[in-house]
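Please read the numbered points alongside the model.

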Amino acid sequence: MTKQSYFDPRVEFMSIPSDLPRKEREKLLRRQAILDAASRIFAQKGFERATLDEIAEAAEFGKGTIYNYFSSKEELFFTLLEEGRQYFQELIQQALNRAETGHKKKSNAILMCVLSSFARMKIISKYSQSKCTSR
């Protein structure tokens with residue numbers, strides 16, 4: 001079974017098992033396209049200014065299709081955050097597994113993992129900026 005993850009820059013969003021029936025793969029690919037478009041729009045405009053209409057247009061689907069997968073803009077955004085959190089957790093675990101023993105070496109491995117991953121997660125920084133400056 002082949003899996004893909006959005007936060008790996010070489011592939012698209014979320015895991016898509018290659019052994020699923022065609023209809024299931026198509027459904028997952030539509031969901032993936034929505035999440036990919038949402039990620040781009042949130043990164044460009046921030047959470048507050050992004051609209052579901054813009055996300056639907058970027059994904060090349062109708063707005064109703066988005067509602068077939070997500071009940072709201074908030075659910076869509078938090079799905080992106082959760083996918084990112086899971087990916088980031090896996091990266092940290094892999095860095096720890098590869099790192100030599102010792103607290104300093106493990107800490108350095110985590111730090112390098114964190115720093116190299118933030119560039120791929122522009123959506124989080126954009127959302128954080130809008131939330132932090134609105135308080």
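**Notes on the aromatic cluster and a helix contact**

1. Phe47 is a buried residue, its relative accessibility being 7%; buried means under 20% relative accessible area, exposed over 50%, and partly exposed in between, with a 1.4 Å probe and protein chains only. This is a predicted model, in which local features need pLDDT of at least 70 and side-chain atom pairs count only at pLDDT 80 or more, while totals for chains, interfaces and linings use all residues. Residues are numbered from 1 along each chain as its sequence is written, and side-chain values use heavy atoms, with hydrogens and water left out.

2. The ring of Phe47 forms an aromatic pair with that of Phe42; the pair is tilted, at 5.7 Å centre to centre and 35 degrees between the planes. Rings of Phe, Tyr and Trp (its six-membered ring) pair if their centres lie within 6.5 Å; planes under 30 degrees apart are stacked, over 60 edge-to-face, and the rest tilted. Phe42 is also buried, with a relative accessible area of 1%.

3. A further pair, Phe77 with Phe78, is edge-to-face, with 5.7 Å between centres and 80 degrees between planes. Phe77 is buried at 0% relative accessible area, whereas Phe78 is partly exposed at 45%. Phe42, Phe47, Phe77 and Phe78 belong to one aromatic cluster, and the structure holds 4 aromatic pairs.

4. Which residue lies over the face of Phe47? Lys73 does, at 4.5 Å from the ring centre. A charge sits over a ring if NZ of Lys or CZ of Arg is within 6 Å of the ring centre and within 35 degrees of the ring normal.

5. Helix H1 (residues 22-49) and helix H4 (residues 73-98) have axes that come within 10 Å and cross at roughly 100 degrees. H1 is therefore roughly perpendicular to H4, a term for angles of 65 to 115 degrees. Helices here are DSSP runs (H or I, at least four residues), numbered from the N terminus; axes are lines fitted to C-alpha atoms over the stretch in contact, with angles from 0 to 180 degrees between N-to-C directions.

6. Contact means heavy atoms within 4.5 Å. Residues joining H1 to H4 include Phe42 and Phe47 of H1, and Lys73 and Phe77 of H4. The contact of H1 with H4 comprises 8 nonpolar, 2 polar and 5 charged residues, where Ala, Val, Leu, Ile, Met, Phe, Trp, Tyr, Cys and Pro count as nonpolar, Asp, Glu, Lys and Arg as charged, and the others, Gly among them, as polar.

Note on methods
Helices (H or I, at least four residues) and strands (E, at least two) are DSSP runs, numbered from the N terminus. Angles under 35 degrees count as roughly parallel, over 145 as roughly antiparallel, 65 to 115 as roughly perpendicular and the rest as oblique.
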